[in-house]
Each structure stands twice: as C-alpha cells, then as structure tokens.
Amino acid sequence: MKKYNKVVLAYSGGLDTSIIIPWLKETYGCTEVIAVVGNVGQKDELCGLEEKAINTGASKIYIEDLRKEFVNDYIFPTIQAGAIYEGKYLLGTSFARPIIGKRIVEIAKKEGADAICHGCTGKGNDQVRFELAIKAFAPDMPVIAPWRIWDIKSREEEIKYALDKEIPINITYETNYSKDKNIWHLSHEGLDLEDPSNEPDYKKILELSKTLEDAPDKATYITLSFEKGIPIALDGQHLNGVEIIEALNKVGGENAIGIIDMVENRLVGMKSRGVYETPGGTILNYSHKELESICLDKETSHYKEMIALKFADIVYNGQWYTPLRESLSAFVLKTQENVTGDVKLKLYKGNIVNAGLSSPYSLYSEEFATFEEDDVYNQNDSEGFINLFGLPITVKAKLDQNLKNN
C-alpha cells in the first residue's frame with residue numbers, strides 16, 4: 001500500500017469519517033490527517049466537531065462557513081433553472097458536494113497534502129460528485145475512498161469498528177439511518193426505508209417538519225418577493241439568501257411542507273429509496289415557478305422546461321464544474337431578467353396553494369383574456385388561424401377519403 005504523509009479528509013463527524021481518521025493512519029502511515037468541514041447549514045451537527053476530530057487523531061481541522069456562497073452560487077441558480085430530479089428530488093445533497101469539494105482542494109493545496117480522502121460509499125452518488133469536483137481543480141491529486149478498498153462491508157461493521165477503537169458516535173444499530181443535512185434539506189435512507197413497501201414512520205424520522213396530522217388546522221399565508229428570479233424578501237422584509245431559506249424552513253416545517261418519499265435512479269445504476277425534508281426549498285421552487293407563469297412567454301417557458309430536466313441531471317451527476325452547466329446557466333440567467341414580482345401562498349397541511357401573483361413584467365393581460373366584452377380582440381380572426389393551423393390535418397383527411405373511395 002502506497003504511503004501518504006499528509007491527507008486532507010472531507011469530514012462530517014458522522015460514522016464514516018469518524019472511523020476513517022484512525023484507519024488512514026493504520027493503512028497509509030499518515031503522520032497528518034487534516035479534517036475539513038464545509039458548513040453548508042448543518043447547524044447542530046457542527047457542535048463539538050473540532051474536539052471530536054482532534055480526539056480521534058486529526059492533526060488539524062478546518063470548519064469553513066460556505067453558507068452564503070452555497071445559497072447564492074449553487075442553490076439559487078438551480079431554483080432559477082427549475083431543476084428537480086425525477087420530478088421530486090430538490091437536489092439537496094447534490095449541489096452541496098461541488099462547493100465542499102472545491103474548498104477541500106483549496107485547503108489541500110494550501111497544506112501541501114499528498115492526497116484527499118472522502119467517506120462516500122462505492123454504491124452512492126456522492127463519490128462521483130466529490131471526485132469530479134476534485135478533478136476540476138486538482139486533476140492529478142490522488143483520491144482515497146476507503147469504502148472501495150477496506151474490509152468493512154456494512155454500517156453495522158462500522159459501528160463495531162468505532163466501538164472497538166473507542167471512537168464516540170451518536171448512533172446505535174437501531175437508529176442507524178444514513179442522513180445528510182444542510183440548510184436546504186435533510187435526507188433519510190437505510191433501515192426500514194430500504195423496503196419500498198414500508199410506510200415511513202414519520203413521527204420517528206422527521207426532524208425539520210411536522211407530520212401532516214400534527215400540522216396546524218389553520219392555513220398560513222406568506223408573500224415572497226423575487227427580483228430576476230432570486231428571492232429577496234419574505235412578507236415585505238428584505239432578507240439575504242441564508243435568512244430567507246431558514247425562515248421558510250421554519251414556516252414550511254410547521255405546515256408539513258416538502259416531505260418527499262421517493263425511489264430514485266442513482267447515477268451508479270441502482271434504485272434507492274429515501275425520505276427527504278425540504279420545507280423551504282419546496283416553497284421557493286413552487287413560488288418561483290408560479291411567478292414565471294406570468295413573466296415568461298410560452299416558447300421560452302416550454303423550452304426552459306427541457307433545459308430544467310438536463311440541468312437536474314447535471315447537478316445530480318456531480319457535473320457542476322462543466323462547460324455545459326455553465327452554458328445552461330447563461331441561458332437561464334437570460335430568462336430570468338423579467339422574473340420579478342410577488343407571490344402570495346397559502347400553506348396548509350403539506351399543501352401549497354397559489355393565493356395571488358403580481359409583477360411589473362406580467363404578460364398576463366386581463367384586457368385580452370376577459371370573458372366580458374372587450375375592444376382589443378377580434379374573435380373572427382380565430383377562424384383564419386384555425387384554418388391555417390389545421391391545414392395539415394385537412395390535407396391528410398382529404399387524402400384518406402380519396403384513398404378510401406378509390
């Protein structure tokens with residue numbers, strides 16, 4: 001086994017990365033393991049990480065506050081694109097990995113590291129997302145992925161390893177859900193969720209949201225203001241991106257918004273089942289789409305829907321730092337120039353209902369759309385339009401009649 005003197009580890013303090021620090025020293029003879037934590041809004045999960053990392057053998061730990069950059073440069077562009085993977089997944093883990101990977105590379109270069117290590121499994125998507133980010137900024141940097149080479153085969157064996165090494169962990173065999181948390185979402189996988197026929201025990205699982213049954217029996221109204229497709233205010237109060245998402249997580253969670261149970265197609269080929277909590281993100285995506293309905297013309301809106309599908313695949317597959325993603329983002333930015341206005345929403349027991357739209361750039365014209373008398377639309381014009389629009393159908397029908405008669 002090749003020896004590495006200094007390794008930078010993508011560190012979360014969870015089960016995987018907690019046991020990786022001593023494993024790296026045992027396996028590669030590392031004299032230094034530098035832990036790097038990307039703060040993308042994990043909140044309580046960051047508590048005690050510095051002490052834990054050092055106590056388990058790390059020589060140093062960086063805890064980098066990436067929240068503002070994460071929201072402005074990754075989350076908001078994805079909202080503007082309308083990108084949702086397979087119609088449900090709001091890409092919470094997917095777009096967090098590129099920014100963390102980029103910062104890890106920057107620290108690895110600063111520290112003169114010999115290699116970068118991550119705790120992603122060989123079955124998951126995150127190994128791809130991290131390593132594509134590393135390739136984008138340090139194409140020759142060696143990457144260590146313990147799950148692809150060590151003898152540990154399950155999370156149960158990980159727990160046993162941790163207990164044998166007296167590494168403190170906050171989970172047991174019974175509560176060993178695989179989770180990922182950031183400012184955008186919280187995901188849950190594993191245990192009883194691995195069988196799609198099992199209904200999730202939401203009272204046990206949910207952390208950000210109330211269950212449908214426990215949500216208030218009275219609707220909550222909110223108004224979001226957007227400027228060029230970016231949320232800038234909630235109920236008239238101007239907030240930065242981090243503050244808006246946190247506020248929407250609170251009100252959305254109270255009303256059981258954004259609880260998703262889905263079976264998705266992983267990049268590596270298998271299907272996986274997970275429960276996602278994305279209260280604020282669900283509200284933002286919904287409201288942005290509603291505002292676009294009055295601000296975008298038909299052709300741009302419909303074409304943008306095709307772009308959204310590809311954009312979602314790109315983000316899911318970890319291809320953030322690619323010419324295609326940058327090109328699609330440039331197209332999306334052009335479409336957002338007039339996506340400015342207010343969206344009023346009614347939140348009630350997991351439901352989001354449009355309660356009013358307004359924009360100085362609205363293409364909706366009551367004067368043209370009214371069922372009442374108007375002076376701007378000549379209904380007789382539609383006859384000629386239908387004759388021309390239906391001409392191919394008319395020609396084909398006449399041909400069929402002639403063939404049948406002959």
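Modeller: Hello! Rings of Phe, Tyr and Trp (for Trp, its six-membered ring) count as a pair if their centres lie within 6.5 Å; planes under 30 degrees apart make the pair stacked, over 60 edge-to-face, and the rest tilted. This is a predicted model, in which local features need pLDDT of at least 70 and side-chain atom pairs count only at pLDDT 80 or more, while totals for chains, interfaces and linings use all residues. Residues are numbered from 1 along each chain as its sequence is written, and side-chain values use heavy atoms, with hydrogens and water left out.

Biologist: Thanks! How many aromatic pairs does that rule give?

Modeller: A pair of aromatic rings is described by the distance of the centres and the angle of the planes. By the rule above, the count of aromatic pairs comes to 14.

Biologist: Which kind of pair do F70 and F95 form?

Modeller: F70 lies in helix α3 (residues 67-81) and F95 in the loop between α3 and α4 (96-111), so their pair ties together parts that are 25 residues apart in sequence. Helices here are DSSP runs of H or I with at least four residues, strands are runs of E with at least two, and both are numbered from the N terminus. The ring centres of F70 and F95 are 5.5 Å apart and the planes stand at 75 degrees, so the pair is edge-to-face.

Biologist: And are F385 and F389 buried or exposed?

Modeller: Both lie in helix α13 (residues 381-389), four residues apart, about one turn of the helix. The ring centres of F385 and F389 are 5.5 Å apart with planes at 10 degrees, so this pair is stacked. With a 1.4 Å probe and protein chains only, buried means under 20% relative accessible area, exposed over 50%, and partly exposed in between. F70 and F95 are both buried, whereas F385 and F389 are both exposed.

Biologist: Which residues do ring pairs link into a cluster?

Modeller: Here the pairs join up into a group of rings. The linked residues are Y4, W23, Y28, W147 and W150.

Biologist: Let's turn to strand β1. Why is β1 described as largely enclosed?

Modeller: Both of its faces are covered, with K6, V8 and A10 on one side and V7 and L9 on the other. In a regular strand the side chains alternate between the two faces of the sheet. β1 (residues 6-10) is largely enclosed by the rest of the structure because, of its five residues, the number buried is five.

Biologist: Which residue in β2 stands opposite V7?

Modeller: Two strands pair if DSSP finds at least two bridges between them. β1 and β2 (residues 32-39) run parallel and are joined by five bridges. In this pairing, the residue opposite V7 is V33.

Biologist: What is the largest C-alpha distance within the annotated binding site?

Modeller: The "binding site" annotation comes from an unreviewed UniProt entry and covers A10, Y11, S12, G13, G14, L15, D16, T17, S18 and G119. UniProt positions are given in the numbering used here with shortened feature names, and annotations may be inferred rather than shown by experiment. These residues are spread over 110 residues of sequence yet cluster in space, and their largest C-alpha distance is 12.7 Å.

Biologist: Which residues does G119 touch, leaving out those up to four places away in sequence?

Modeller: G119 is found in the loop between β4 and α5 (126-137), and it counts as buried because its relative accessibility is 13%. Contact means heavy atoms within 4.5 Å. By that rule, G119 touches D16, I20 and W147.

Biologist: And which residues does G13 touch, with that exclusion?

Modeller: G13 lies in the loop between β1 and α1. Its relative accessibility is 11%, so G13 counts as buried. Not counting residues up to four places away in sequence, G13 touches S18, L49 and K52.

Biologist: Finally, which are the edge strands of the five-stranded open sheet?

Modeller: The order is β10-β9-β8-β13-β14, with antiparallel pairing. Seven bridges join β13 (residues 341-348) to β14, and K346 stands opposite V353 in β14. Pairing on one side only, the edge strands are β10 (237-238) and β14 (351-358).
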